[in-house]
Each structure stands twice: as C-alpha cells, then as structure tokens.
Number of protein chains: 2
Amino acid sequence: MAVDRLETQLAFILETEKLKQVFRQTLLLGDRRPENDAEHSWHLSLMAVLLVEHASAEVDLLKVLKMLLIHDVVEIDAGDTFAYDEVANLDKEEREQKAADRLFWLLPTDQAGVMRALWDEFELRQSPEARYAAALDRLQPLLLNFHGEGAAWRKHGIKKEQVLARNEHIGEGAPALWTYARQMIDEAVELGYLAA
Amino acid sequence: MAVDRLETQLAFILETEKLKQVFRQTLLLGDRRPENDAEHSWHLSLMAVLLVEHASAEVDLLKVLKMLLIHDVVEIDAGDTFAYDEVANLDKEEREQKAADRLFWLLPTDQAGVMRALWDEFELRQSPEARYAAALDRLQPLLLNFHGEGAAWRKHGIKKEQVLARNEHIGEGAPALWTYARQMIDEAVELGYLAA
C-alpha cells in the first residue's frame with residue numbers, strides 16, 4: 001500500500017522530467033539557447049524567496065513556491081504558448097485544462113486535488129500568492145530579454161506597447177517590481193532592444 | 001535606497017542564471033544530454049513537496065525548499081564535482097566554501113547571511129531539513145540513472161558497492177526512500193545497468 005503510493009508519486013515525478021524538454025521563447029544569457037520550463041521554474045522559485053518583501057500583500061511563501069514549481073507542468077502536454085502569439089493563445093486555456101486533467105491525476109488522489117487546486121489558483125490570479133507568483137512569471141523573462149539585448153523581442157518584432165500590456169499585471173502582485181520593469185522597458189527602447 | 005536593494009537582489013538573481021550552464025554527470029531521460037544544476041534543483045524541489053510524508057522527522061518544508069533552491073549555487077564558481085571522482089572530491093569543500101563566500105555576499109547583507117547559513121546547514125546534514133534535502137539530492141540522480149539504463153554508471157564503470165556507500169545516507173533523511181532505492185540498485189545490477 002505505502003509502496004504503491006510511493007510508486008505513484010515517483011511515476012508523476014518521472015513524468016515531470018519532460019518539462020526539461022519544453023522550450024520557451026526566452027533565450028539563456030549564457031549560450032543563448034531557448035530556456036526550458038524546468039530552468040525557468042527553478043529561477044522563478046528562487047526569485048520568489050529573495051523578492052518576497054516586494055509582494056503587494058503578505059503572502060504564504062510556501063504556497064507561492066508550490067505554485068511556481070508546478071505552474072508549467074501542463075506544458076508537458078499543451079506545449080509552451082508564446083506570450084505574444086495571439087492565435088495560439090486562443091485555445092491555450094482549453095489545451096492547458098485538458099493537460100491538467102491528465103497530469104495532476106497521475107498523483108495519489110489527495111495530492112492530485114491539492115496540486116490541481118494550486119494550479120487553478122495560479123491561473124485565476126486572484127489570491128495574493130497567485131498575484132505575486134504571476135508577477136515573477138512575467139518579470140523573469142523580461143529580465144533575461146533585457147540582459148540578452150532583446151533578442152526574443154527583436155526576433156518576433158515585438159513593440160513596447162505589447163510588452164507593457166502583457167506585463168502590467170506585475171503591478172498587482174509586486175508594485176515595486178513593476179516600477180522597475182517599466183524603467184527597464186523604457187531603457188530597452190532607448191537601447192534599440194525593443195521597438196517603440 | 002529601496003531601489004539599490006532591489007538592484008542588489010536582481011544582480012544576484014542574474015548571477016545565478018549561470019547555474020543553467022553547470023552540467024552534471026546525470027543524463028536527462030529525454031534527449032540524453034547532461035542535466036544542468038538549475039533543472040536538477042527544480043526537480044528536487046518538486047520532489048520535496050510531493051514526498052515530504054516520507055521524511056524521517058517532521059520538517060519545515062519551506063526551509064527545505066529554500067535549501068534546495070540554493071544548494072548548488074556554489075557550483076557556479078566551484079563546478080560540479082562528480083560523486084565518484086575521489087580526487088576531485090579531495091578539495092571540493094575548499095572550492096565550495098570559497099564560492100559561497102563570494103556568491104551569497106552579492107545579496108543584501110541580511111539575505112546573504114540567511115542564505116549562507118541555509119547552505120552551511122545543508123552541507124552539515126545535521127538538521128531534519130538538511131537530512132531530508134540531502135536524501136532527495138541523492139535519490140533524484142539514482143532515479144534518472146536507473147530509468148536511463150545506467151548510462152552514467154556504465155560510462156564511469158561504477159560498482160554497486162560504490163553506489164550503496166555514496167547513497168546510504170538517504171536512509172537518515174527518508175528511510176522509505178532508501179528502502180526503495182536499495183531495491184532499485186539491486187534491480188539495476190540484475191538488468192546490467194550497474195556492475196555487481
């Protein structure tokens with residue numbers, strides 16, 4: 001019984017190994033290859049620990065970390081949807097809901113329910129934890145894009161107004177981070193990393 | 001002042017980007033390339049959330065996660081030291097202490113102290129949290145190695161007794177995980193993934 005439970009848990013853990021093969025549009029600063037979701041999730045989680053004083057409300061940091069560690073698991077089935085791809089974003093929610101229905105339920109039922117609820121909460125962005133987690137999920141690619149001279153922005157011809165519209169909810173979860181991000185976006189335009 | 005603090009935090013966060021370029025001996029199950037420390041740290045952290053009921057004592061899960069998220073940061077300077085490389089392991093501690101002295105102190109002083117203390121605690125393996133975290137740090141490569149048909153073990157001619165000696169402290173942090181790991185090691189020998 002206990003062994004069956006452990007094996008079920010490990011089967012899910014091995015399934016999530018696939019997140020190391022789901023690539024994003026963001027390029028790494030080192031070798032300029034696309035970042036994968038596992039690396040992204042680790043970086044966000046570390047940011048959550050170090051930047052928690054900037055959250056707009058008191059947050060349960062453990063809950064934030066659980067959310068961030070699983071927030072992209074659905075992309076194992078649904079793939080990464082580029083933030084500025086309007087067509088792909090039309091059915092993103094449907095694809096991700098289907099993925100969540102399959103993936104989280106590989107876990108023992110009690111854990112599946114908890115993880116699914118955390119993912120739903122993250123997606124809804126209504127609790128302080130979800131807002132703070134979502135703010136980091138937007139800030140991290142902005143940082144890499146800026147310090148990588150806007151390579152992903154330039155490749156896709158992204159404009160400043162798109163970046164502002166896409167990321168402004170950083171301000172809901174962490175106002176100081178949004179102030180910082182807006183300055184970075186302005187500087188990106190000045191430096192020619194991002195179209196005006 | 002507040003902006004300076006945020007900039008100091010972000011400078012550390014950007015420095016840790018380099019962990020995505022520190023490669024381990026473990027191969028990924030997908031494309032069989034070496035795993036990097038960022039992916040490894042994410043996977044461990046997710047495992048910590050899902051397997052906490054198997055810890056040998058009550059643990060503060062938030063503390064475990066903080067430890068796991070930063071446990072390999074020193075390898076940015078010190079590099080990854082292969083578990084079974086006896087020569088490289090001779091000066092591993094010295095190299096990693098020096099790296100910790102540089103890296104954590106990039107953070108604001110209060111956070112540097114906290115993170116450095118967490119890393120020291122992880123290395124000492126004397127608290128329940130450190131023992132559980134260390135157990136996962138050993139179990140995760142075992143899992144990938146076993147499910148990858150022992151590629152890293154075979155490449156380096158590793159023997160069962162080395163794997164047992166190297167990993168037996170999993171039992172201190174999570175006895176059920178060590179029972180499971182020992183069965184996996186026996187099976188690895190039977191399947192020819194690991195030398196007897």
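A polar contact is taken here as a pair of N or O atoms within 3.5 Å, where, within protein, one must be able to donate a hydrogen and the other to accept it. In this predicted model, 28 residue pairs in polar contact are found across the interface of chain B and chain A, with both residues of each pair at pLDDT 80 or more. On the side of chain B that touches chain A, two or more residues come from each of helix H1 (2-15), strand S2 (34-36), helix H2 (37-50), helix H3 (61-70), helix H7 (109-124), H8 and helix H12 (175-190) of chain B. H2(B) supplies the largest share of this side, with ten residues. Sorted by class, the side of chain B that touches chain A comprises 27 nonpolar, twelve polar and ten charged residues.

The interface also contains salt bridges, of which four are found between chain B and chain A. The side chains of Lys20(B) and Glu35(A) form a salt bridge, with an N to O distance of 2.6 Å.

The size of an interface is often expressed as the accessible area lost when the parts come together. For chain B and chain A, the buried area is about 4500 Å², and carbon and sulfur atoms account for 73% of that area. Within chain B, the residues that lose the most area to chain A are Trp42(B), Leu50(B) and Leu69(B); together they make up 16% of what that side buries. In terms of residues, the contact draws 49 from chain B and 49 from chain A.

The whole structure was also searched for cavities, and one of 30 Å³ or more was found. The largest cavity has a volume of about 60 Å³. Its lining consists of Thr26(B), Leu27(B), Leu28(B), Leu29(B), Arg32(B), Leu144(B), Asn145(B), Gly148(B), Gly150(B), Ala151(B) and Ala152(B). Strand S1 (23-27), helix H8 (128-147) and helix H9 (151-156) of chain B are the elements that give two or more residues to this lining. By class, six residues of the lining are nonpolar, four are polar and one is charged.

Terms used: Residues are numbered from 1 along each chain as its sequence is written. Chains are lettered from A and ligands numbered from 1 in the order in which they are written. This is a predicted model: local features need pLDDT of at least 70, side-chain atom pairs count only at pLDDT 80 or more; totals for chains, interfaces and linings use all residues. Side-chain values use heavy atoms; hydrogens and water are left out. On a 1 Å grid over the protein atoms alone, a cavity is a set of points where a 1.4 Å probe fits but cannot get out, and a pocket is an open set with protein on both sides within 12 Å along at least five of seven lines; lining residues have an atom within 4 Å of a point. Grid points are joined across faces, edges and corners, and a volume is the space filled by probe spheres set on the points. Helices (H or I, at least four residues) and strands (E, at least two) are DSSP runs, numbered from the N terminus. Ala, Val, Leu, Ile, Met, Phe, Trp, Tyr, Cys and Pro count as nonpolar, Asp, Glu, Lys and Arg as charged, and the others, Gly among them, as polar. Contact means heavy atoms within 4.5 Å. Buried area is the accessible area (1.4 Å probe) that two parts lose on being put together, summed over both. A polar contact is a pair of N or O atoms within 3.5 Å; within protein, one must be able to donate a hydrogen and the other to accept it, and residues adjacent in sequence count only if both atoms are side-chain atoms.
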